[in-house]
Amino acid sequence: MDQIHYRSCSLCEAMCGLQIELKDGSIQGFKGDPEDKFSRGHICPKGPELKSLYQDPDRIKFPQKRTKTGWETVSWVDALSDIATQLVKIQTTYGNDSVAVYNGNPTVHNYGSMLLGQRFSSRLKTKNNFSATSVDQLPHQLLSYLMFGHQLLVPIPDIDHTDFFLILGGNPFASNGSLMSVPDVKKRLKAIQDRGGKYVVVDPRKSETATHADEHLFIKPGTDAYFLLAVLHVLFEKQLTKPNDLIRKEDIQTIQAVTKDYSPEQVSKITGVPKETIERIAFEFANAPSAVCYGRVGVSTQEFGAICQWLINVINIVTGNLDKKGGAMFTLPAVDLVGEGSVMRSSPGSFNSYQSRVRKLPEFSDELPVAALAEEILTEGEGKIRALFTSAGNPVLSTPNGTKLDKALSSLDFMVSVDFYLNETTKHAHYILPPTSALEHDHYDLIFNVFAVRNTARYNQPLFTPEPGMLHDWEIFSDLTKRLELTRAGKELPKDIIKTKLTPASIIDHALKSGPYGNKGPHNKEMSLELLKNSPHGVDLGALTSSFPERLYTEDKRIHLFPEILKEDLPRLKTKFSEWEKFSSDKSHFLLIGRRHLRSNNSWMHNLPKLMTGKARCTVMIHPSDANHLGIINEEEVIVESSVGKIQIPVEITEELMQGVVSIPHGFGHNRGGTNQKVATEFSGVSINDLTDDQAIDEFSGNAAFSGIKVSIRKQPA
């Protein structure tokens with residue numbers, strides 16, 4: 001090999017270090033980097049597919065304009081000038097909110113897009129900002145804002161030191177630790193067992209993680225809040241809580257009073273978790289030397305997602321496991337997005353300072369719930385969305401009621417997509433602006449270091465030089481921002497790409513030098529971009545350490561254990577409990593949950609050939625007894641129908657599922673036509689979001705409620 005290139009993978013949250021072997025400028029192989037300070041040599045099937053992404057023949061490299069005769073390649077200057085002109089024209093005629101922005105999940109895997117894309121969005125001055133946040137982790141960030149004062153003060157499980165790990169609705173074997181960036185998670189979970197601890201998974205499906213756990217508990221989808229309340233009931237009743245000077249006694253007393261209505265005996269009837277098991281879990285958690293409770297997508301994306309995340313935090317706090325080694329802790333990244341003196345300090349957040357036009361759903365941190373996007377386009381009247389700008393997202397497949405959104409996008413006056421694929425969403429755009437791929441630009445992980453199980457820092461330098469005429473995403477956003485400003489001022493637009501001295505690398509270098517590990521920081525390691533460039537395996541900054549009350553962002557430097565605004569949601573919780581008590585399966589209706597796979601975290605990975613090999617994954621999983629009752633057999637195609645749509649999908653009969661529950665994976669449905677993703681089309685599958693309802697949300701937070709929607713299953717007509 002004539003060269004070895006080191007970088008981290010940017011295809012999921014784990015930030016695994018890669019060792020890329022090259023010969024004559026061509027990639028020969030990928031390995032996990034054994035010297036990486038964070039991932040310790042671990043690699044999953046996604047990492048090597050950065051090569052396939054770079055070489056993908058379907059990848060767009062230059063601006064495309066949709067015309068009556070098809071897509072045409074146009075110059076960057078013509079495209080960006082026309083886009084700026086059209087956006088200003090629409091906003092001048094209909095108001096700033098007539099233009100909307102949607103940022104997809106891959107945005108946070110690209111620091112250039114985050115830094116300069118946010119500047120562009122702010123210049124649009126629209127309230128109609130949407131992102132994948134509200135179909136995912138919104139409850140986490142909201143409760144961090146309400147309880148700790150900052151949306152990015154998200155408690156991270158100290159997996160390397162805990163003795164008892166309670167996981168609800170999470171499958172880190174597949175996700176590599178969502179909102180818990182944790183490469184090599186299998187070994188880390190096994191290490192808990194090896195040191196005499198245990199980990200328990202609570203999930204309607206016996207997932208890959210649950211299969212290796214010490215214990216797996218089936219739970220009825222949508223009832224996790226009651227399970228957590230019952231655990232707290234036991235903790236209070238048996239006096240298993242610990243004092244904490246950072247919380248008010250009145251809050252403890254109020255929460256204890258709430259939990260009295262949710263005893264393990266009552267809760268077991270609706271959750272399916274036995275009373276004795278709930279009691280034992282509470283005892284084991286409280287008596288472990290250290291313990292941590294963690295909930296992910298399965299609990300976030302249900303109708304009480306915010307309450308679930310609140311209760312998880314409360315359990316960690318009252319047992320003395322918040323901000324404690326082996327419990328739920330907080331990071332101190334090299335680029336600090338939380339600290340009051342940080343030059344990169346992000347907004348602490350906001351909640352319900354304004355609402356969506358049609359349904360009055362609450363904003364969070366200047367974003368509206370994406371469940372409102374379609375209706376804001378389709379509903380006539382002042383404030384109607386007439387133009388949409390998307391970045392690195394495919395909401396037709398990834399947000400609720402994709403069929404409705406598909407229809408809405410086709411009605412827009414104008415649409416622009418920053419993306420390098422012609423997919424189910426971007427096919428509606430008037431312009432597609434393709435950025436470079438991961439191997440062609442530099443990168444620093446701004447967000448996932450905030451959620452990492454250990455403090456580290458790493459800078460990725462580009463492996464390949466882009467083809468002449470290609471632009472990085474930050475260059476697209478930077479130029480377009482300036483053209484917007486010039487157009488509004490009535491000035492002539494330049495005939496060349498507008499260059500800027502402000503680059504993502506220059507911003508990060510300043511943040512590193514002035515951050516907590518810079519030469520003037522409290523943990524001086526002379527941190528700088530130059531140091532990271534000379535540290536190809538990354539720099540280890542140490543284990544998570546206690547940081548409260550100093551790092552608390554609340555005005556009184558105390559934990560707000562029971563936010564006043566959250567109390568308003570308790571009557572809804574009580575009403576739903578009564579409904580669950582009356583709930584009974586009629587053997588034809590099921591509760592639908594999603595699932596993810598290590599090889600296909602997101603829809604845009606479905607065009608990478610090696611990630612799509614192996615057993616077909618787009619199936620509806622169902623328990624053998626339910627399949628037998630319906631008279632269906634393995635691999636038979638059935639009709640699954642919800643209140644908003646129906647799909648045809650093959651059956652996968654498995655005891656992994658709780659009876660009365662079915663599961664369909666996220667991100668498929670590449671069968672709509674008008675796209676250009678050959679591999680994805682070959683493995684098209686169907687979209688779970690043709691069944692999910694945009695009206696089904698967590699009413700408190702506005703987050704989508706994917707988990708536990710009611711569906712029917714029937715055989716196809718003979």
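Trainee: Where does Ser 506 lie in this predicted model?

Mentor: Ser 506 lies in helix 18, residues 504–514. The model is predicted.

Trainee: Why does Ser 506 count as partly exposed?

Mentor: Its relative accessibility is 31%. Buried means under 20%, and exposed means over 50%. The value of 31% falls in between, so Ser 506 counts as partly exposed.

Trainee: How far apart are Ser 506 and Gly 469?

Mentor: In sequence, 37 residues separate them. In space, the C-alpha to C-alpha distance is 23 Å.

Trainee: Now the strands. Why is strand 2 called mostly covered?

Mentor: Strand 2 spans residues 17–23, and six of its seven residues are buried. Buried means under 20% relative accessible area, so six residues fall below that mark.

Trainee: How do you know that strand 2 pairs with strand 1?

Mentor: Pairing needs at least two bridges. Six bridges join strand 1, residues 3–8, to strand 2, so they pair. The two run antiparallel. Ile 4 stands opposite Glu 21 in strand 2.

Trainee: What joins strand 2 to strand 3?

Mentor: Six bridges again, in the antiparallel sense; strand 3 covers residues 26–32. Leu 18 stands opposite Gly 32 in strand 3. Strand 2 and strand 3 form a hairpin with two residues between them. In the turn, Asp 24 has a positive phi of about 55°.

Trainee: What are the pairing senses of strand 23?

Mentor: With strand 28, residues 709–715, strand 23 pairs in the antiparallel sense over four bridges. There, the bridge partner of His 589 is Ser 712. With strand 27, residues 661–663, the sense is parallel, over three bridges. Leu 592 stands opposite Val 662 in strand 27. Both counts meet the mark of at least two bridges, so both pairings hold.

Trainee: What about its cover?

Mentor: Strand 23, residues 589–593, is mostly covered, with four of its five residues buried.

Trainee: Last, the helices. How do helix 10 and helix 20 cross?

Mentor: Their axes come within 8 Å and cross at roughly 60°. The crossing is left-handed.

Trainee: Which residues meet there?

Mentor: Gln 266, Val 267 and Ile 270 in helix 10 meet Phe 577, Trp 580 and Glu 581 in helix 20. The contact residues divide into four nonpolar, one polar and one charged.

Definitions and conventions: Residues are numbered from 1 along each chain as its sequence is written. This is a predicted model: local features need pLDDT of at least 70, side-chain atom pairs count only at pLDDT 80 or more; totals for chains, interfaces and linings use all residues. Side-chain values use heavy atoms; hydrogens and water are left out. Axes are lines fitted to C-alpha atoms, for helices over the stretch in contact, and angles run from 0 to 180 degrees between N-to-C directions. A crossing is left-handed if the near helix is turned anticlockwise from the far one by less than a right angle, and right-handed if clockwise. Contact means heavy atoms within 4.5 Å. Ala, Val, Leu, Ile, Met, Phe, Trp, Tyr, Cys and Pro count as nonpolar, Asp, Glu, Lys and Arg as charged, and the others, Gly among them, as polar. Buried means under 20% relative accessible area, exposed over 50%, partly exposed in between (1.4 Å probe, protein chains only).
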